[in-house]
Amino acid sequence: MSSGMPPENFKTTNVTDTEEKVKCNIDKVEITELPVEKMENIETMSKRQRKKLIKQKQWEEQRILRKQKRKEKRLKRKMERQSQLESNGEGSVRKHMRRDIVPSALRLIIDCSFDNLMELKDVKKLHKQIQRCYAENRKALHPVQFYLSSHGGQLKDNMNETDKGWINWKDIQIKSEHYSELVKKEDLVYLTSDSPDVLSELDESKAYVIGGLVDHNHHKGITYKRAKEQGISHAQLPLGNFVKMNSRKVLAVNHVFEIILAYLEKKNWEEAFFTILPQRKGAKLLHEATEVTVASLCKQQESGIIQDEVSEKS
């Protein structure tokens with residue numbers, strides 16, 4: 001009775017046929033082009049190693065072809081972008097904008113000396129805000145003289161880990177020194193929402209300091225306190241003169257930075273605020289907010305009068 005197993009001599013024949021096929025494939029490879037050490041070991045290689053050797057040889061032969069294809073794809077994408085710009089008429093506009101760029105003499109400093117007051121997750125948020133400031137300044141019509149001061153600690157470690165390209169950033173001065181060591185005391189103005197002084201305009205001979213702190217209001221008034229301790233000028237942006245907000249007037253580092261860039265371009269605080277402020281802040285024009293409040297009060301008064309009249313009649 002048959003066990004269903006193939007005869008032993010059948011298995012031997014099958015293996016022999018496979019080896020012959022592999023040898024035939026190896027024969028197709030130009031042995032003289034293989035490295036010497038691989039030529040010496042080719043007879044002792046397993047079937048898997050021989051197949052791997054064939055694939056490696058084929059991959060190397062196609063390397064130049066792959067490189068050429070990548071080059072052709074890049075060229076094709078470049079031509080498509082140029083064609084799109086020309087069709088939209090944007091090419092000439094961008095060139096015109098580049099010619100119109102006039103750097104500002106105003107200095108903006110992000111004070112990174114609050115590193116020890118932040119958790120790592122907040123340091124990471126600050127890093128992203130700094131990246132945004134850098135990107136916006138690079139494409140601004142009136143880019144400022146951009147500084148990072150007191151750069152080190154967790155912030156520097158995080159930048160080294162997640163954004164190693166920062167060491168090649170252009171048009172920015174990244175310093176480990178405190179800002180008081182970089183700029184004369186009389187030229188410094190600390191921007192803080194707790195200051196009683198309100199800016200009416202920007203003085204391009206000054207260096208304005210933005211506190212590099214993401215703390216979710218855990219350290220209220222700390223930037224104002226430090227400015228007073230160091231005996232330097234301080235001021236807040238004229239936000240309250242133009243805007244009614246649902247939340248506190250404390251803005252993210254990049255929002256303050258971008259508002260200043262927008263003001264340098266538009267020369268109008270109201271336009272600058274409403275160009276930059278995020279919708280979640282619930283910002284409204286001050287006079288519009290006042291009108292809404294007055295209308296609401298009038299409705300409440302009318303409702304109260306009608307209610308009184310109904311009460312009297314009853």
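Start at Ile259. Looking past its neighbours within four places in sequence, Ile259 is in contact with Leu237, Leu251, Trp269, Ala272, Phe273, Ile276 and Leu277. This is a predicted model, and what follows describes that prediction.

Now step back to the core around this residue. The largest nonpolar core has 58 residues. Ile259 and Leu202 are the ones with the most contacts inside this core. Which helix gives the most to this core? Helix α9, spanning residues 253–266, does, with nine residues.

Next, look at helix α8, residues 222–230. Four of its residues, Ile222, Thr223, Tyr224 and Ala227, are buried. What covers the buried residues of α8? The cover includes the strands β4 (188–191), β5 (207–211) and β6 (233–235). Just after α8 comes Gly231, which takes a positive phi of about 70°.

Now turn to charge. Side chains of opposite charge can pair when their charged atoms come close. In this model the count comes to six salt bridges.

Take Asp187 and Arg107. They form a salt bridge, and their closest N and O atoms are 3.8 Å apart. Asp187 sits in the loop between β3 (172–174) and β4, while Arg107 belongs to strand β1, residues 107–111. The pair links distant parts of the chain, 80 residues apart. Are these two residues buried or exposed? Both Asp187 and Arg107 are buried.

A second pair leads back to helix α9. Arg132 forms a salt bridge with Glu258, with the closest N and O atoms 3.5 Å apart. Arg132 lies in helix α6 (residues 120–139) and Glu258 in helix α9, so this pair ties together parts that are 126 residues apart in sequence. Arg132 is partly exposed, with a relative accessible area of 41%. Glu258 has 7% relative accessibility, so it counts as buried.

Stay with helix α6 for another pair. The side chains of Glu136 and Lys139 meet in a salt bridge, 3.5 Å from N to O. Both residues lie in α6, three residues apart, which is about one turn of the helix. Is Glu136 buried or exposed? Glu136 is buried, because its relative accessible area is 18% and the cut-off for buried is under 20%. Lys139 reaches 57% relative accessibility, so it counts as exposed.

Salt bridges that share partners join Arg132, Glu136, Lys139 and Glu258 into one network.

Notes:
Residues numbered from 1 in each chain as written. Heavy atoms only, no water. Core = buried A, V, L, I, M, F, W, Y, C linked by side-chain atoms within 4.5 Å. Buried < 20%, exposed > 50% of the residue type's maximum accessible area, 1.4 Å probe, protein only. Helix = DSSP H or I, 4+ residues; strand = E, 2+ residues; numbered from the N terminus. Contact = heavy atoms within 4.5 Å. Salt bridge = Lys/Arg side-chain N within 4 Å of Asp/Glu carboxyl O.
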